Amino acid sequence: MTATEIDSPPAGTASAPALRLEDVRVELSGSSGRVQILRGVSFEVPRGQIVALAGESGSGKSTAMLAAVRLLPWGAGVSGTIECQGEDVRALSSRQLRQFRARTARVIFQDPWSSLHPMRSVGSQLVESARSADGSLSKAAARELAVETLRRVGIPDPKARMDVYPHQISGGQLQRVMIAMALVARPAVLLCDEPTTALDVTTQAQILDLLRDLNRSEGITVLIATHDLDVIAGIADRLVVMYAGRVVEDGPAQQVLAAPKHLYTWSLLQAAPAHQHESRLRPIEGRPPRSDENLPGCAFAPRCPGARDECTGELPGLELVAVGHRSACLPVQQQKEAQQ
Ligand SMILES: Nc1ncnc2c1ncn2[C@@H]1O[C@H](COP(=O)(O)OP(=O)(O)OP(=O)(O)O)[C@@H](O)[C@H]1O
């Protein structure tokens with residue numbers, strides 16, 4: 001079975017995934033002209049789950065996330081299907097798109113300054129975020145919701161914190177405020193782009209716990225992009241691994257981490273401190289291909305410890321290798337066929 005043959009409930013039904021990308025291709029203008037950044041990306045984020053989008057820097061995680069909410073730079077060429085909570089995202093009018101971004105899908109970026117205004121108090125920004133999602137909220141009700149949300153994300157003395165300016169609080173607290181900015185809108189889906197990369201290990205763990213908690217208690221669907229597999233090991237339900245603008249493996253997180261079915265995922269795990277079983281980390285040698293390099297076969301083949309001749313000539317499709325687990329690795333697929 002290939003990616004395109006996976007049966008999904010129709011968009012708009014309650015059981016349709018929170019987010020679905022099907023054969024999404026993105027082209028951007030680079031210094032050497034137009035380059036293909038996403039090369040046919042397909043994956044789903046089931047409702048109420050936490051899905052991690054993993055891969056080295058440059059694999060296309062942020063681009064996939066930005067495409068999902070139509071935040072790509074002007075002039076980007078996009079094709080394929082993008083559905084969120086049953087809505088065809090690519091077909092939304094400007095007005096519908098504003099509403100969609102205000103209340104359905106909220107993005108949390110790594111850099112707090114991309115979402116917070118430095119010259120406005122935390123409280124006024126939270127109130128605005130709440131009211132942009134729900135126009136019927138009075139200022140007083142929005143303020144109450146903002147205080148409650150700050151409390152919810154673990155900000156001490158939230159009433160007093162409403163009046164501070166972003167530069168007056170620490171990095172960890174700022175990240176919590178960013179999450180609060182998204183949460184006051186009561187979104188169905190949270191898209192988090194490397195939300196903890198800039199934080200120390202303890203704060204990182206607290207923020208991830210918070211995301212897990214919000215997911216469990218309020219049923220919020222979470223898509224979290226990270227280059228660090230250790231970060232998501234404890235919280236993700238599913239793991240989607242990207243390399244060079246494509247999904248190379250996709251499956252239940254614990255299953256993928258325990259028994260990866262792509263040699264790229266395996267290599268990433270060898271380089272991840274908490275997952276390698278030997279005393280020495282083995283970083284992946286070489287570098288990912290540039291966006292303007294067009295390799296005919298598997299893009300990981302030049303760096304792959306198990307590559308065969310055919311890996312460089314033939315692009316493997318995503319095939320089911322176990323229940324709910326897909327991989328695009330020829331050696332793994334051939335081994336499976338040999339066992340059948
Ligand atoms: N505006 C742009 N114009 C041209 N190329 C871009 C642009 N934005 C990103 N790219 C390129 O697209 C590729 C994918 O970038 P993207 O940021 O999506 O990857 P990523 O996996 O999120 O990496 P990171 O973890 O470093 O953010 C990279 O090679 C990057 O250089």
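Which residues does UniProt list for "domain: ABC transporter"? The unreviewed entry gives residues 19-269. UniProt positions follow the numbering used here, feature names are shortened, and annotations may be inferred rather than shown by experiment. Residues are numbered from 1 along each chain as its sequence is written. The model is predicted: local features need pLDDT of at least 70, side-chain atom pairs count only at pLDDT 80 or more, and totals for chains, interfaces and linings use all residues.

Over residues 19-269, the chain is 39% helix and 27% strand. The end C-alpha atoms of this stretch lie 26 Å apart. Helices (H or I, at least four residues) and strands (E, at least two) are DSSP runs, numbered from the N terminus.

The ligand is surrounded by 15 residues, counted where the C-beta atom, placed from the backbone, lies within 6 Å. Leu28, Ser57, Lys61, Ser62 and Thr63 are the closest. Two or more residues each come from β1 (19-30), β2 (33-45) and α1 (61-68). The largest share, three residues, belongs to α1. By class, the shell holds ten polar, four nonpolar and one charged residues. Here Ala, Val, Leu, Ile, Met, Phe, Trp, Tyr, Cys and Pro count as nonpolar, Asp, Glu, Lys and Arg as charged, and the others, Gly among them, as polar.

Eight strands form an open sheet of mixed pairing, in the order β6-β7-β8-β3-β9-β10-β12-β11. Strands pair if DSSP finds at least two bridges between them. At the edges, β6 (105-108) and β11 (319-322) each pair on one side only. β11 pairs with β12 (residues 325-327) in the antiparallel sense, over three bridges. There, leucine 320 stands opposite arginine 326 of β12.
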